[in-house]
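Subject: Structure handover

Hi,

Here is the structure we talked about. Please load it before reading on; my notes follow below.

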Amino acid sequence: MSLTITPLSSALGAQIGGIDISQPLSIEHRDAIEQALLKHQVLFFRNQPVTPQQQARFAACFGDLHIHPIYPNVPEQPEVLILDTAETDVRDNAIWHTDVTFLPTPALGAVLSAKLLPEFGGDTLWASGIAAYEALSEPMKNLLQGLTATHDFTKSFPLERFGNTTEDLARWEETRRKNPPLSHPVIRTHPVSGRKSLFVNDGFTTRINELSESESAAILQLLFAHATRPEFTIRWRWQENDIAFWDNRVTQHYAVDDYRPQRRVMQRATILGDVPFLR
């Protein structure tokens, strides 16, 4: 089959056609998808009814897979986590965030599959950190150049929401022990494209280390608002069996929580990345 790539906005996003993700990828298709991801930052595939095993196989074409320390997963395919609003508190997804930036090697990307959707609502938005960085003034770029920021697991996974049972508390404490707060550059360089991107997010970033507390709070508030300006974003209205594949190194996303008490079930395979750097 021949791939089709349809851009959806100038900042980011493209819809991919002409491929069946449930089947093993050819080298040519894998390389074409990777190049499309580098260019468009988030890719969408319609009508892809994959099993967890097929989803993990597709994601593993692009790197090693991560097992999430908090969210439940598919027992026979633990690399695929389950976001089921009937079972798990997923309010941390209804905030602009970049996945697992509390890790020393945050995710390269993620493959998200829509399994059960509400009758209405439940869209997801993505924002381009590259577009946000490039729109900054030169004085602001100079200010941010070389600064680092702290990322903390507990900002999106607070004890009061994720430690309600003995088992949950033990899991939370173990995750906290293994993932203490750490620092990443405020501006990171994409390891493949070489483009620069904002790399702070409201989900996990707590402060800019080289600034005073009040300066850090003011600059982070400005950056969080700037990074999610409408012209840097795209909104996807899900259909059942859609798949989204995004470059987590240079994007943020927001799962709109506007459908309750309806149920929403998504499954995600997360691809491990590398240590963020500025060049």
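Contact here means heavy atoms within 4.5 Å. Note that the model is predicted.

Helix H7 first. Helix H7 spans residues 213-227, 15 residues in total. From first C-alpha to last, H7 reaches 21 Å, close to the 21 Å expected at 1.5 Å a residue.

Which residues of H7 are buried? They are Ser216, Ile219, Leu220, Leu223, Phe224, His226 and Ala227. These residues cover an arc of only 165 degrees around the axis, so they sit on the same side of H7. An α-helix has 3.6 residues a turn, so residues three or four places apart point the same way. On the other side of H7, Ser214 and Gln221 are exposed. The cut-offs: buried is under 20% relative accessible area, exposed is over 50%.

What do the buried residues of H7 pack against? The partners include two helices, H3 (129-134) and H4 (138-144). Strands S8 (124-128), S12 (196-198), S13 (205-208) and S16 (251-255) are also packed against by the buried residues of H7.

Now the sheet. Three strands form an open sheet, ordered S14-S8-S16, with antiparallel pairing. Strand S14 (233-236) and S16 are the edge strands, and each pairs on one side only. The twist averages 20 degrees from one strand to the next.

S8 and S16 run antiparallel and are joined by five bridges. Trp126 stands opposite His253 in S16. Both S8 and S16 are also among the partners of the buried residues of H7.

Best wishes

How values were computed. Residues numbered from 1 in each chain as written. Predicted model: local features only at pLDDT ≥ 70, side-chain atom pairs only at ≥ 80, totals over all residues. Heavy atoms only, no water. Helix = DSSP H or I, 4+ residues; strand = E, 2+ residues; numbered from the N terminus. Expected span 1.5 Å × (residues − 1). Buried < 20%, exposed > 50% of the residue type's maximum accessible area, 1.4 Å probe, protein only. Arc of directions from axis to C-beta. Pairing = 2+ DSSP bridges. Axes fitted to C-alpha atoms, helices over the stretch in contact; angles between N-to-C directions.
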